[in-house]
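Here is a friendly walk through one protein model.

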Amino acid sequence: MREFEYIVVGAGSAGCVLANRLSEDPTQRVLLIEAGGSDRKMNVRVPVAFAKQFRTDLDWNYTSEPDPNLIGRSMYLPRGRCLGGSSSMNAMLYIRGQSADYEDWAANGAPGWGWEDVLPYYKRSEGNERLGDPYHGQAGPLNVADPVFTTPAGKRFIETAQAHGIRRTEDFNDGEQEGVGLPQLNQKRGRRWSAADAFLHPASGRENLTVVTGAHARRLLFSGDRVSGVEFDYKGKRAGAAARREVVVCAGAFNSPQLLMLSGIGPADQLKQVGIDCAVDSPHVGEHLMDHPLITVNYASTEKGGLEDATHPRYLAEYLIGRGKGKLSSNVAETLAHIRTREGLPGPDVQVLFGGAFYSDNGFRTFPGPAFVFGASLIRPTSEGRVRLRSADPHQPPEIHLNFLSDEGEMRALIASVRLFRELAALGPLGDIAGPNVDPGPGVLSDEQLEAWIRADVQHTYHPSCTCRMGGEGDGVLDEQLRVRGVGGLRVADASSLPRITSGNTNAPAIMVGERAAEMMLEGRGPAVSGAVSAAQVPA
């Protein structure tokens, strides 16, 4: 049983930030534990290969419970399981969301988290290769770059969208977001630049930072009404560590609430059902799960030059010799638009992801030839799901209930998106190369037919959030300082902390939360508590 000032559980987007920032003071010993292993893998490094990590040892490989709104379907839920977490597995899109997202947070239980409050933390992390003040930082460790490669179809999409009346934008992250253009990516010289690359690896030589991989957290340890350590499985044995100051859980929207509930922090009635004594009755733990529903509309293409042959060995040679150039640097979702599907909306409600490739069912379905894909990610969803314990066994995956498309308005927005995509595929530069519509197919025309197809085919955008959300007393798991209500010495800092899901990709917000958490912990630290957990509390 070793003692540290801080223990960070989970080396994902926020956890890597915290490990770096907390260990900048050489007098503070920091332990970072991660269930997965190394991120030094080719499919992590090469952007276009992100989906090849799915259902491997780099993936938690979760599955949702059958959803009555989706004709009883269960959904595959990949999550990164290595250093960097899902920032080592995602499509690398650097998107903060709309300024209104944060104003809503501040007005509804998270004071001090408005747009002007969070902007300095985004800038602190960011090392933007093109954009600077007033909205961007250029000196931070998180590299943000323009795409190295864009398919001809991607360029056609931008031209077609502009012809349809969607304005061009050069910056999706100035708080407004609306428009079409090339997104910026967490890449450097055409290779992935994850949270581990940005924050963890540069700090790995510090003597006061200990990183333990292959360490699966079992439960939090208590000393009275304070969390003072973590028990975890390591190399087939149980081990533990004590925190003299704080434990911060950064295990993600599925695993963070699971760990809290395994430790007796959660809805008392639910914990009782699986035989766990309740230490803190916190009914919102695991509730309010949100993600962005995603549909993909695919077309065959008459134009070559897309990603249909990106795995050919000649492109690997081009990538390696050219230092990150060519098709392998593509993130597939290579061009973006943020649009309003109806008049009267205060801001965009759909993110359009476009790529010069066929993409369906998380990349598992294939197509024999050139193609292009429209994705509609519903970025202002209202439906909420939940995460529950399946059992008291920490190695059993949690029950994940998505509860997608329970609101009629969500379905209307997705149907409107399909109709827009069909209009774009018939226009100008894009219409010149559009072949047959593969998904949903040319015979799926009426609203009723489109709704049936959407319920049978909709996926998600890999953005689970809000399951340990900040909120007012009685309305959230965390206070505005990210402290778990009802217990001392414990915070949660990751996408589960978001009061409500942002209007776009959640990696950048998770990193921002990590930055704020680190500052709050360092500014608010009181005297350290020594010997709060004894070795006897942890089985040998």
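## Strands that pair

Two strands count as paired if DSSP finds at least two bridges between them. Keep in mind as you read that this is a predicted model.

With that settled, take strand 20 and its partners. Strand 17, residues 293-301, pairs with strand 20 in the antiparallel sense, over seven bridges. In this pairing Val-297 stands opposite Phe-374 of strand 20. Strand 19, residues 350-355, also pairs with strand 20 in the antiparallel sense, this time over six bridges. Here, Gln-351 is the residue that stands opposite Ser-377 of strand 20.

## How covered is strand 20?

Eight of the eight residues of the strand are buried, so the rest of the structure largely encloses strand 20.

Among the buried ones are Phe-254, Asn-255, Pro-257, Gln-258 and Met-261. After helix 7 comes Gly-264, with a positive phi near 90°.

## Charged pairs

Side chains of opposite charge can pair when their charged atoms come close. How many salt bridges does a search of the whole structure find? The count is 34.

One of them joins the side chains of Glu-231 and Arg-219, at 2.7 Å from N to O. These two sit in distant parts of the chain, 12 residues apart: Glu-231 belongs to strand 12 (residues 226-234) and Arg-219 to strand 11 (residues 215-223). Glu-231 counts as buried because its relative accessibility is 1%, under the 20% cut-off, while Arg-219, at 32%, counts as partly exposed. Both also belong to a network of salt bridges that links Arg-218, Arg-219, Glu-231, Asp-233 and Arg-238.

Another salt bridge brings together Arg-500 and Glu-384, with 3.9 Å from N to O. This pair links parts of the chain 116 residues apart: Arg-500 is in the loop between strand 25 and helix 13, and Glu-384 is in the loop between strand 20 and strand 21. Arg-500 is partly exposed at 34% relative accessible area, and Glu-384 is partly exposed at 28%.

Then there's the bridge between the side chains of Arg-469 and Asp-475, at 3.0 Å from N to O. Arg-469 is buried, with 12% relative accessibility, whereas Asp-475 is partly exposed, with 36%.

## A buried arginine without a salt bridge

Now turn to Arg-245, which lies in strand 13, residues 237-249. Arg-245 is buried but has no salt bridge. What is the nearest side chain of opposite charge to Arg-245? That would be Glu-5, 5.5 Å away. Arg-245 does have a polar contact, though: its side chain is joined to that of Gln-28 at 3.0 Å.

## A nonpolar patch on the surface

Last stop, the outside. Met-42, Leu-316, Leu-320 and Ile-321 form a nonpolar surface patch, with about 430 Å² of accessible area together. Helix 9, residues 313-321, gives the largest share of the patch, three residues. Ile-321 has its place in helix 9 and is exposed, with a relative accessible area of 71%.

Terms used
Residues numbered from 1 in each chain as written. Predicted model: local features only at pLDDT ≥ 70, side-chain atom pairs only at ≥ 80, totals over all residues. Heavy atoms only, no water. Salt bridge = Lys/Arg side-chain N within 4 Å of Asp/Glu carboxyl O. Helix = DSSP H or I, 4+ residues; strand = E, 2+ residues; numbered from the N terminus. Buried < 20%, exposed > 50% of the residue type's maximum accessible area, 1.4 Å probe, protein only. Patch = residues over 30% accessible without salt bridge, like charges linked within 9 Å, V, L, I, M, F, W, Y side chains within 5 Å. Areas by Shrake-Rupley, 256 points an atom, 1.4 Å probe, with all protein chains shown as cover. Lys, Arg positive; Asp, Glu negative; His and termini not counted. Polar contact = N/O pair within 3.5 Å; in protein donor to acceptor, adjacent residues only side chain to side chain.
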